[in-house]
Amino acid sequence: MGVVNVTPDSFSDGGAWFDHEKAIHHGLNLVAEGADIIDVGGESTRPGAQRVSREEELRRVVPVIEALTAEGVPVSVDTMRAEVAEAAIGAGARIVNDVSGGLADPDMPRAVARAGIPYVVMHWRGHSHDMQTRALYQDVVREVRDELLQRVEVVLNEGLDPSKVILDPGLGFAKNPTAGHNWSLLAHLDAFTSTGYPVLVGASRKSFLGRLLTDADGTPRPFGECDDATVAITSLVAAAGGWCVRVHRVRPTATPSASAAAVRAAGGTAAGSGKTDRDAADGRADSGSDRP
Ligand code: PMM
């Protein structure tokens, strides 16, 4: 999954793709580099970020989704708002990626159930302006898993088919980078894959990677210089049976992740190795032959 943030202020690529034409061009480039899905978002979720209005979010994402869809690109919409998800689906989005797992907008679970399309349920404890104050856990893996499954319950109760659910442990969201929460979740991905739901992981350019890679005086490495760490993490996720990795740079990630997944498949333990509804949605069911 390649990321196109149509925002002026995202942590990882703030402003680079804020212009619609640039965003569309970038999405097409990521597909050419091997992305199966393009994730289009119009609201930054960087720690401390304030929310944008619904109107502004719609203005940012809908034209980009329409243009990418017209080119045959499988698109997911990264939004916490049901109305934006519905407009994005109308514009052609095939997956809803909700970093709040339906907590930010109580109408979201019903909206995705009505649409009947794959839904990424990410672990989240609150909006960006204060999410890091909520990063308190006794057992981060168990609590994140349990809280995620509670959110899945809500969306299933609204009528979404279980085959459409995708789990995401939400690296960086209400996770304390100095307490090791992100690393623990990565080390125990089996707690999530063992649920039977496909697992998506977004480690790309997150600050916990920069904090690992400090320079001699302890300054974290800038996010743009963490892509090699992202490649390592995404390969481990693929080897651990992750279904999808969300990344800002596709070219360096695609081959290592596919190779790691092939090793896992050869061991006979590939999670989700059969075709799923999510594969059909992202174009994998026909090997991406309809992509540019
Ligand atoms: N991270 C960001 C935004 N959307 N969606 C999912 N499913 N998982 C993530 O980890 C995730 C996400 C924040 O990253 P960015 O703003 O740097 O792209």
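This is a predicted model: local features need pLDDT of at least 70, side-chain atom pairs count only at pLDDT 80 or more; totals for chains, interfaces and linings use all residues.

Colleague: Why are helix 3 and helix 4 called roughly parallel?

Modeller: Helix 3 (residues 82–90) and helix 4 (residues 108–115) pack at an angle of about 20°. Angles under 35 degrees count as roughly parallel, and therefore the term applies to helix 3 and helix 4. Their axes are 9 Å apart, and their crossing is right-handed.

Colleague: What makes helix 9 and helix 10 roughly parallel to each other?

Modeller: The axes of helix 9 (residues 227–239) and helix 10 (residues 251–266) cross at roughly 25°. The limit is again 35 degrees, so helix 9 and helix 10 are roughly parallel to each other. The two axes come within 7 Å, and this crossing is right-handed.

Colleague: Which residues of helix 9 and helix 10 meet?

Modeller: On helix 9 they are V231, T234, S235, A238 and A239; on helix 10 they are P252, T253, P256, S257, A260, A261 and R264. By class, this contact comprises 7 nonpolar, 4 polar and 1 charged residues.

Colleague: Why does A174 count as buried?

Modeller: A174 has a relative accessibility of 1%. Buried means under 20%, so A174 counts as buried. A174 is found in the loop between strand 6 (165–168) and helix 6 (181–187). Its phi is near 55°, a positive value in a residue other than glycine.

Colleague: How do you know that R205 is buried?

Modeller: The relative accessible area of R205 is 11%. This value is set against the limit of 20%, and R205 is therefore buried. R205 lies in the loop between strand 7 (200–201) and helix 8 (207–212), and its phi, near 60°, is also positive in a residue other than glycine.

Colleague: What is the mean pLDDT of the protein chain?

Modeller: The mean is 89, and 90% of the residues reach 70 or more. Over residues 270–275, however, the pLDDT is below 50, and this stretch has 7 contacts beyond near neighbours in sequence. Residues 284–292 also have pLDDT below 50, with 20 such contacts in the model.

Technical notes. Residues are numbered from 1 along each chain as its sequence is written. Side-chain values use heavy atoms; hydrogens and water are left out. Helices (H or I, at least four residues) and strands (E, at least two) are DSSP runs, numbered from the N terminus. Buried means under 20% relative accessible area, exposed over 50%, partly exposed in between (1.4 Å probe, protein chains only). pLDDT is the predictor's confidence in each residue, from 0 to 100. Contact means heavy atoms within 4.5 Å. Axes are lines fitted to C-alpha atoms, for helices over the stretch in contact, and angles run from 0 to 180 degrees between N-to-C directions. Angles under 35 degrees count as roughly parallel, over 145 as roughly antiparallel, 65 to 115 as roughly perpendicular and the rest as oblique. A crossing is left-handed if the near helix is turned anticlockwise from the far one by less than a right angle, and right-handed if clockwise. Ala, Val, Leu, Ile, Met, Phe, Trp, Tyr, Cys and Pro count as nonpolar, Asp, Glu, Lys and Arg as charged, and the others, Gly among them, as polar.
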